[in-house]
Structure formats: structure tokens, C-alpha cells
Amino acid sequence: MRIAQIAPLTEPVPPEMYGGTERVVSLLTEVLVSRGHEVTLFASGDSRTGARLVPVIAEALRLGSEEVDPHLYLMLELGMVFDEAEAFDVIHSHVDYFAFPFARLVRTPVVTTLHGRLDLPGLAAIFGRYSEAEVVSISDSQRQPLPGSNWAATVYNGTDLARFTFNETGGEYFAFVGRICPEKNIEGAIRIARLTGVPLRIGAKVDPADVDYHESVIRPLIDGRDVEYLGELGDEEKNELLGSAHALLFPVDWPEPFGLAMTEAMACGTPVLALRRGSVPEVVEDGVTGFVRDSEEELAEVAGAVSRLSRRACRERVERLFSVDVMADGYEAVYRALSR
């Protein structure tokens, strides 16, 4: 099958450091190539892939040297993709709703995976206008704000099990990985750590939009001893941080669409302590691969029981539900249905 993948241009594919959507696009692209599909990846020129790469810009926007309007290059990318539409059996977009109007202008089936939150003001208008647009959710809970949309499937994000080493024993600290921003609620993670007396190690990036928040709210809470900030981590560093942790703290304060940090931690055998938001109850099996509660205080109360959970069960849950192959199986089924 001839498949076009439209990647965001914020990070290279795969990302060098943080970058959830771009990592998922990379994993999907490479496994589709390995299965014999003819895949074309539209992405930044510093991407690495076994597919045919069509570089939209020389380097990804976040780490680039030039400040530009990201929508300028996104529109350039979409124009490049749809100019070639007849060369593909399926076009798979990962750039939110921006491909919806283009899809009406071509005969090639177009499907969009929605990687973000869907409870934002105004989204209902565009989804109503393009109600025929085929969309994929990355969790069932993600659909709740827009239940009447044209949902083709739910396909959970895949985690590359080869990149995460199973650790039978773990360690004596909590880990937090991701972004430092209000919705990820790192203050909550710090509060849980202090309530339990367990040290917290943080591996997270700070986007330009969140610098003030980091400096004014988070930095004063970091003492370098009980709460340690490690900065943005690469793959090997993240693997070590997660695998050697007692548990991952995931006290998100927003309707989390999926949460790769949870599956990455469980792939290492590390249980998850998480608030009941968005996809969390779909990803973490309460009482088996972690604990899901409604408040930070409740998470602190059950933190002592983490040592009784099976780290092997955490790894097995990712193997069964959240592997790259399981994700690719889901998308292949979507492509076949659209191409009939």
C-alpha cells in the first residue's frame, strides 16, 4: 500500500529529545516500511527514516535557529502532500484538523489521528463543518467532547519495547518525565513526593511559552536534593531514569489524550501513580500496574503499596496493548477499510 504520513514540523522524526507525536509517527512509519508498504514521510529535513523522506524545511522548528510562523510551513507541507495525492492509496495526517479542507479536494482517502485535547473552544465548529472527515482517537476518553465525529477507530500510541529495558527491581525515588507546564501538574508531583518522603527526579523540557511558569512556580520548589531537576533527557537517560524509579508520578490536571510517559515507564517495569484524568484509567490497570486516584492525597496514601505490585505485569501490559506492532495492526486495519 502507498501511504503518505504527514508529521508535525516542531521536532524531527524521530525527535532527538522530547516529542510525543513525532516519536509515534516515526515508530509507525518504520514498522509500515518493514511490513512492505511504500511509505512517504513529509517532515523536517533533519528527520531519519527508512521511508521516502520529503523534507518540508531543513530542520525542525523548535530547535531551529530561526523564529518563524509555524503555520507558514504547515501550509507549505499540506500543499506538497496534496499536490501528490493521486500517488497515494491513503494519506495519514498527524497535524490536527488542518488537512480537513484539503481532503475534500482529492479522491485519495485521508485519515487524521488526533493527538491533542478536544475540549477546546471552537473545535466543535470545524468538526461540524467537516463532519465527514475520518478521524482516529488515541484513547476512547479523548472522544468525549466530540462524540458525534466520524471516528474510524481508537488506536493506542505504540511504545518501542526495544528502547526500554525491563528493570526487575526499580529504585527508591519517584520519576516525572515530560513537559514542565501547568496541565502536567509538576507541582502535584512535588507535593506527593514530599507527603511520602520519597525523593523526586524530574526529566522534562521547558517550552518557551512555559519559561515564566518554570521560573516563577517550579524552580523555587527544586532543592537539588529531595526534588532534583535533570533537564530534558535523551532516550538512554530516560530509560535509566524510568527503569530505576520506584514509580512514575503522573498527576496530570487535564484530559490527557494518551500519555506516553505512562507506557514508557511500564515498559521498564515501573508502576504509575496517576490522577484519574482523560485516558489514565485506560492505560494504567488500577491495582495491577499502578494506582489511579482522584486526589494527590489519595495517591500519597497508596504510594507505600507500590512495592507489592508486579513489575513484570507492567511490562506485559505494554507488550499486550501498547506495542508498536499492536499500533501498526490498528492503523493497517483503518487503511484497509478506507481503501475499499
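Student: What numbering and which confidence limits apply here?
Tutor: Residues are numbered from 1 along each chain as its sequence is written, and side-chain values use heavy atoms, with hydrogens and water left out. The model is predicted: local features need pLDDT of at least 70 and side-chain atom pairs count only at pLDDT 80 or more, while totals for chains, interfaces and linings use all residues.

Student: Is strand β1 largely enclosed or open, and how many of its residues are buried?
Tutor: Buried means under 20% relative accessible area, exposed over 50%, and partly exposed in between (1.4 Å probe, protein chains only). Strand β1 covers residues 2–6. It is largely enclosed by the rest of the structure, because the buried residues number 4 of the 5.

Student: Which residue stands opposite Q5 in β4?
Tutor: β1 pairs in the parallel sense with β2 (residues 38–43) over 5 bridges, where the bridge partner of A4 is T40. With β4 (residues 90–93), β1 has parallel pairing over 4 bridges. There, the residue opposite Q5 is H92.

Student: Which residue of β7 does V135 stand opposite?
Tutor: Strand β6 (residues 134–137) pairs with β7 in the parallel sense over 3 bridges. In β7, V135 faces W151.

Student: What kind of aromatic pair do Y156 and F258 form?
Tutor: Rings of Phe, Tyr and Trp (its six-membered ring) pair if their centres lie within 6.5 Å; planes under 30 degrees apart count as stacked, over 60 as edge-to-face and the rest as tilted. The structure holds 9 aromatic pairs. In this one the centres are 6.1 Å apart with 40° between the planes, so by the definition the pair is tilted.

Student: How many residues apart are Y156 and F258?
Tutor: Y156 lies in the loop between β7 and β8 (174–179), and F258 in the loop between β11 (247–250) and α8 (260–267). Y156 is partly exposed at 23% relative accessible area, whereas F258 is buried at 1%. The pair links distant parts of the chain, and the separation is 102 residues.

Student: Over which ring does the charged end of R312 sit?
Tutor: A charge sits over a ring if NZ of Lys or CZ of Arg is within 6 Å of the ring centre and within 35 degrees of the ring normal. R201 has its charged end over the ring of Y173, 4.2 Å from the centre. For R312 the distance is 4.0 Å, and the ring is that of F166.

Student: Against which elements do the buried residues of α5 pack?
Tutor: In helix α5 (residues 186–196) the buried residues are I186, E187, G188, A189, I190, I192 and A193. Contact means heavy atoms within 4.5 Å. The packing partners are β8, β9 (200–205), α6 (211–218), β10 (227–231), β11 and α10 (296–302).

Student: How far apart are the C-alpha centres of domain 1 and domain 2?
Tutor: The bounds, from an automatic or database domain assignment, are 2–158 + 323–339 for domain 1 and 161–321 for domain 2. In domain 1, 22 residues are in contact with 24 residues of domain 2. The centres lie apart by 27 Å.

Technical notes: Two strands pair if DSSP finds at least two bridges between them. Helices (H or I, at least four residues) and strands (E, at least two) are DSSP runs, numbered from the N terminus.
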